Every structure is written in structure tokens, then in C-alpha cells.
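Please open the structure in your viewer, with a selection tool to hand, and follow the stops below in order.

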Amino acid sequence: MPPPPLLSKSLPETLQRRAMDLLDRPLLDLIFEAADTHRANHDPVRIQCAHLFSIKTGACPEDCGYCSQSAHHASDLQREALTDLDSVRREARKARESGADRLCLGAAWRNVKDGAEFDRTLEMVRAVKDEGLEACATLGMLDPSQAQRLREAGLDYYNHNLDTGRSHYQNIVTTHTYDERLDTLQIARDAGLALCCGGIVGMGETREQRAEFLAQLAALDPTPESVPINSLVPVAGTPLENQTPLPWNEVVRMVAATRIMLPKSTVRLSAGRESMTEEAQALCFLAGANSVFLGEKLLTTPGREHTADASLFRKLGMTPVQQA
Ligand code: SAM
Ligand code: DTB
Ligand code: SF4
């Protein structure tokens, strides 16, 4: 008999109600509880810093409505074939010098295919580890043997986002299902990889659907070690190009509720941070965000200036884990 799945596909109503109750709380009251939860579970002045690198860009067969890299949309992104090993080594050194402790390799694939390109990707993971960084990858769907080989190459984390609540997912993506996302998460988990799993706010979802998404993350057993909260970066040519991003107070609310629902996870204030004020970011850190992406480029869109982040961390008295 196969072992029972660790990752729940059914959503306990109690979790969803709890998430909704949190999201409906007066904001300052919610932040206070989140800060308390944060301090009980983490060192509040330490910040985990990841750096992103797109190893294969654009021409993705999936139709994710937010994504600059989908072949279904008319963004003006330049497609690029799988990069070489030397560029990954260079990027890893750059990441380390900028204060990052993890490099996340992103490929615009529907799924990993065995062969020369996957073998090169495994070499890239080894190169990241040789540079003394944690290694994360986001490569689309995996089969169990691929997940195993990634783990054996030294991969620490696999990033695969649920992105939103199940009831909103089909409005955003039609070329794969929510259950396929959950299946890949299970495969990565079974291979001994830590999970980085979160999503995007501001894709036209309701607050109830954000609660549904949070409840789904909290229902994963064990919960993901890392939870990126992205705020939609509207990209010209994608179906969501005219979507108005969520106001800062809703983003802070989401970060705070995530901290309370997933007390042990590292919560990453992810895409969209570059258009938030420093004051709004400070509130997110107070409310339990303890990780960011560093670097002037995310995967395909702009990030924040290195000096701006160094100055922000100084003002707030936060220390990147690499320097702690
Ligand atoms: N192909 C892989 C996959 O689907 O898992 C990985 C690449 S994808 C770029 C990784 C994540 O980045 C997405 O799941 C989404 O959460 C986030 N993302 C992509 N485009 C975004 C955008 N325009 N705004 C905010 N987040 C975005
Ligand atoms: C995640 O949740 N956010 C990162 C990472 N995982 C791979 C990606 C953000 C991408 C933002 C849009 C872009 O630069 O293409
Ligand atoms: Fe492809 Fe990932 Fe972008 Fe979806 S999010 S279009 S799977 S690169």
C-alpha cells in the first residue's frame, strides 16, 4: 500500500474560517498579534535573502494570466534558451557578494524533461552549492525520479506556488489544474526537498479567495518552509496588464495573516516590493515578513537597488542571515 499523501487536497472549513476572521480584523490589531507570533517563533531582526536568476526565459507553453513568460501572451519579453554553467557561477558569486544566502533558479518550463538540459540544470544546482549558497529551483512539474536527482545534486528548496485559492485558479490558468500543482508539491516533498510555496495577491480575487488560498497553504502537512507573498506586477501584453495592484494595507494584512496561519514558515515579501514605500515594507516586516528577494532584477521584471535595500535594513536594524 502506498503511504497516505502528506499534502491535503481537501480544505478544512475551520481553517478557511480562521483565515477569513484574521483578514477581517482591524489592521493594527492584526499586526500586533502577527508581530507577537513572529517574535515567539523567529529572531525578529534577521532577514533571509534570496536572489533570483532566470536560467531559461520565455516561450512557456502554460497560459498563467500574470506571467510575462507565457507563449500565449504578447509581452515584449526576449526569449532565451537554457543558460550556461558559467553564467550561473557568476550570478551565484554576485548574489553572495550582495548579501544573499540563497540562489533561486527559474525556468519557464511546463515540466522538466529528461536529457541534456536537465543534466545541465543538475550541474547548475551543484555550482550554486559549490559557491556556498542554498539552492532553490522553480522548473515547473517534476516526476519522482527528477525530484530525487535534484535532491541528490544538492537542491535544498523547490519553489512551486499555488498562487491563489482553488476557486479563482481557473480564472488565471487553464493549461494545468490546482491538483497538478498539489501533486508536484507532494513529489518534491517525497524526495526530501523543502518547499517554497506561496502565491500572488491582487489578481482580481476576493478577500474570501485570499482566505481560501491561505487555508490551503496552512492545510499542507507539513506546511511549506518558505512562503512567498507576491503582489501582482502587471506586465504589458498579459491578460492582467490592467489589473490595479492591491493597496499597501491589504498587502500588510495578507502578510500578517500568513504569519499567524503559518507561524514557523519563512514569509517572503516578494514581487511588488519594488513599488511599495519603505514605510509599508517596514509594516510588513513588523507583521512577520522575514525574507525578501534581493537584486535589481527579479526573473524578468525590475527589483530594488542594492543600496536602497542595504539602507532600508540599516534603518530598521535588520541583519541578512548571511551576515549574522
Ligand atoms: N514555471 C515555474 C512555475 O510555474 O512554477 C516557475 C516560474 S514562475 C515565474 C514563479 C512564480 O512567480 C509564479 O508562480 C508567481 O507566483 C510569480 N510571478 C510570476 N509572474 C509574476 C507577476 N507578474 N507578478 C507577481 N508574481 C509573479
Ligand atoms: C516567487 O514566488 N516569486 C518569484 C519566485 N517565486 C520564482 C518570482 C517573481 C517573479 C516576478 C515577475 C518576474 O520578474 O518575471
Ligand atoms: Fe510558465 Fe511558470 Fe510563467 Fe506559468 S508562471 S507561464 S508555468 S513560467
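**A tour by selection**

Begin in the loop between α8 (207-219) and β7 (226-231), where you will find Pro222. In this predicted model, the peptide bond that joins Asp221 and Pro222 is cis, with omega at about 0°.

**Two residues with positive phi**

Select Ala59 next, in the loop between β1 and α3. Although Ala59 is not a glycine, its phi is positive, at about 60°. With a relative accessible area of 29%, Ala59 is partly exposed, since that value falls between the 20% under which a residue counts as buried and the 50% over which it counts as exposed.

Then move to Asp163, which is placed in the loop between β4 (157-159) and α6 (166-172). Asp163 also has a positive phi, near 70°, and is a residue other than glycine. Is Asp163 buried or exposed? Its relative accessibility is 3%, so Asp163 counts as buried, the limit for that class being under 20%.

**Ligand 3 and its shell**

Select ligand 3 and display the residues around it, which are Cys60, Glu62, Cys64, Tyr66, Cys67, Ser70 and Ala108. By class, this shell divides into 5 nonpolar residues, 1 polar and 1 charged. Ligand 3 itself sits in the largest cavity.

**The largest pocket**

Now turn to the largest pocket, which holds about 430 Å³ of space. Of the 23 residues that line it, select Phe53, Glu91, Lys94, Lys297 and Leu298, the closest to the centre of the pocket. Which elements each supply at least two residues of this lining? They are β1 (46-56), α3 (85-97) and α11 (306-316), and among the contributors β1 gives the most, with 5 residues.

**Thr307 in α11**

While α11 is on the screen, select Thr307, whose place is in that helix. Thr307 has a relative accessible area of 56% and is therefore exposed, the threshold being over 50%. To relate Thr307 to another part of the chain, draw a distance from its C-alpha atom to that of Gly295, which is 12 residues apart from it along the chain; the separation is 10.0 Å.

**The second largest pocket**

The next selection is the second largest pocket, with a volume of about 190 Å³. Its lining consists of Ala35, His38, Arg39, Pro44, Val45, Ala282, Phe285, Leu286, Leu316 and Met318. The elements that give two or more residues to this lining are α2 (27-41) and α10 (278-286). Coloured by class, the lining of the second largest pocket shows 8 nonpolar residues, 1 polar and 1 charged.

Finish with helix α9, residues 248-261, whose 14 residues reach 20 Å from the first C-alpha to the last, close to the 20 Å expected at 1.5 Å a residue. How many of the residues of α9 are buried? The helix is mostly covered, with 12 of its 14 residues buried. To see them, select Glu250, Val251, Val252, Arg253, Met254, Val255, Ala256, Ala257, Thr258, Arg259, Ile260 and Met261, which are the buried residues of α9. As you turn the view about the helix axis, keep in mind that an α-helix has 3.6 residues a turn, so residues three or four places apart point the same way.

Conventions
Residues are numbered from 1 along each chain as its sequence is written. Chains are lettered from A and ligands numbered from 1 in the order in which they are written. This is a predicted model: local features need pLDDT of at least 70, side-chain atom pairs count only at pLDDT 80 or more; totals for chains, interfaces and linings use all residues. Side-chain values use heavy atoms; hydrogens and water are left out. On a 1 Å grid over the protein atoms alone, a cavity is a set of points where a 1.4 Å probe fits but cannot get out, and a pocket is an open set with protein on both sides within 12 Å along at least five of seven lines; lining residues have an atom within 4 Å of a point. Grid points are joined across faces, edges and corners, and a volume is the space filled by probe spheres set on the points. Helices (H or I, at least four residues) and strands (E, at least two) are DSSP runs, numbered from the N terminus. Ala, Val, Leu, Ile, Met, Phe, Trp, Tyr, Cys and Pro count as nonpolar, Asp, Glu, Lys and Arg as charged, and the others, Gly among them, as polar. The expected span of a helix is 1.5 Å times one less than its number of residues. Buried means under 20% relative accessible area, exposed over 50%, partly exposed in between (1.4 Å probe, protein chains only). A residue is near a molecule or strand if one of its heavy atoms lies within 4 Å of it. A molecule sits in a cavity or pocket if more than half of its atoms lie within 2 Å of its grid points.
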